[in-house]
Amino acid sequence: MTDGRWRALRHRVLAPSEIAPDEELVSLVYFFETATDAEIVPLLAPVGGGEGLSPVIAGE
């Protein structure tokens, strides 16, 4: 909904290196699910770049 300004990236976690095999890795994940009848409106500049995109209903 940012019209390409902020793109989702593949999340990759590398294994600890051979030099530091006991290194602790931490990932924080946040999942969000909206109501199916909620209207999602594109972010406008300067935050987003959603100009020209129409709002959508989440469940559609």
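**Exercise 1. Locate W6 and state which residues it touches.**

W6 is placed in the segment ahead of strand 1 (39–40), where strands (E, at least two residues) and helices (H or I, at least four) are DSSP runs numbered from the N terminus. The model is predicted, so that local features need pLDDT of at least 70 and side-chain atom pairs count only at pLDDT 80 or more, while totals for chains, interfaces and linings use all residues. Residues are numbered from 1 along each chain as its sequence is written, and side-chain values use heavy atoms, without hydrogens and water. Leaving aside residues up to four places away in sequence, W6 touches L43 and V47, a contact being heavy atoms within 4.5 Å. Between W6 and V47 there are 41 residues in sequence and 9.6 Å in space, C-alpha to C-alpha.

**Exercise 2. Determine whether V26 is buried or exposed.**

Begin with the cut-offs: buried means under 20% relative accessible area, exposed over 50%, and partly exposed in between (1.4 Å probe, protein chains only). V26 counts as exposed because its relative accessibility is 69%. As for its position, V26 lies in the segment before strand 1, and its C-alpha is 9.2 Å from that of V13, 13 residues away in sequence.

**Exercise 3. Describe the protein as a whole by its secondary structure, burial and contacts.**

First, the secondary structure consists of 0 helices and 2 strands. Next, of the 60 residues in the protein, 8% are buried. Finally, among contacts with a separation of 6 or more, 43% are between residues 24 or more positions apart.
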